[in-house]
Amino acid sequence: MVPRHWERTTMGWFEKKEAVKIPPTKALWQVCPRCKSYIPVAEWKANNAICPSCNYHGRLGARARIAQLADADSFQEVFREVSYSDHLDFHDATGAYKGKVEAVIAKSGEKESVVMGTATMGKIPVMLGVMDFAFMGGSLGTGTGERIARACEQAIAEKRPLIICCASGGARMHEGILSLMQMAKTSAAIGRLKAAGLPYISVLTDPTTGGVSASFAMLGDINITEPKALIGFAGRRVIENTIHQKLPPDFQSAEYLKAHGFIDKIVERKDLKPFIVKMLNYFGF
């Protein structure tokens, strides 16, 4: 017979009102946003953030995409000293713009939303730029526009084609009208690049929206994108409330834009580098 005090002690173990929940650790698993499959993080990274179950193309940071596109050890960063401007001394209800952007810089190690550099792709010298959505939503600020404009100037001087991988939520409104001015500034710089007879290949990745989609992202001699990428200007809800109509389910997807003539080619990530090299060969490089 079990002593009464033993019974009281052991029963307490089984009378807890809430079950212990142990969530899967992000250090071990990546959950696919589309099909909800659990993929080991090492496999997810080795597969360039592509789900092996449903082919979902996840977002890549700037450095990871550079490693995928540039020939090994060929990338040399330029204009790293160019960074943001807080000419408005902007503050909102959540704090100062300067504090926010400095926190992002400290966390990411980047100083702007685009990383620019010279590189080779398939042994072809290029000017390569990659936007990073993790840096304030890949927003277009004064530093972003200045880096792209300077990259165009260097590409002209060195006769290099320009490739930019876009990923952005739009203009960085913390910087006011000078942020919006970067739309015209980058477009004019790309115009000078084209006038010099050099090609510009634009790669629109998920997401490419707002002021970036309305400027340099859509100005490529070749505009390409990855499958299912979100590409547009204003958001679906804003458009529907403005025109008082329901939009198609696939509206602003890469496939929708391709069907309506805005995109030249949808290219899977694993094929992106060889496709760009093929296009550069077509342009005579």
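Reply: What follows describes the boundary between the domains and then the cysteines.

This is a predicted model, in which local features need pLDDT of at least 70 and side-chain atom pairs count only at pLDDT 80 or more, while totals for chains, interfaces and linings use all residues. Residues are numbered from 1 along each chain as its sequence is written, and side-chain values use heavy atoms, with hydrogens and water left out.

The protein is divided into domain 1 (22–56) and domain 2 (60–282), with bounds that come from an automatic or database domain assignment, and the centres of the two, taken over C-alpha atoms, are 25 Å apart. Where they meet, 5 residues of domain 1 are in contact with 5 residues of domain 2, contact meaning heavy atoms within 4.5 Å. The area buried between domain 1 and domain 2 is about 450 Å², with 48% of it given by carbon and sulfur atoms; buried area here is the accessible area (1.4 Å probe) that two parts lose on being put together, summed over both. Of the area that domain 1 buries against domain 2, R34, N48 and N55 supply 69%, more than any other three residues.

Between domain 1 and domain 2 there are 0 salt bridges (a side-chain nitrogen of Lys or Arg within 4 Å of a carboxyl oxygen of Asp or Glu).

As for the cysteines, the whole structure has 0 disulfides, a disulfide being a pair of cysteine sulfur atoms within 2.5 Å. The sulfur of C54 lies 3.6 Å from its closest cysteine sulfur, in C32, and is therefore too far for a bond. C32 is buried, with a relative accessible area of 0%, whereas C54 is partly exposed at 23% (buried means under 20% relative accessible area, exposed over 50%, partly exposed in between, with a 1.4 Å probe and protein chains only).
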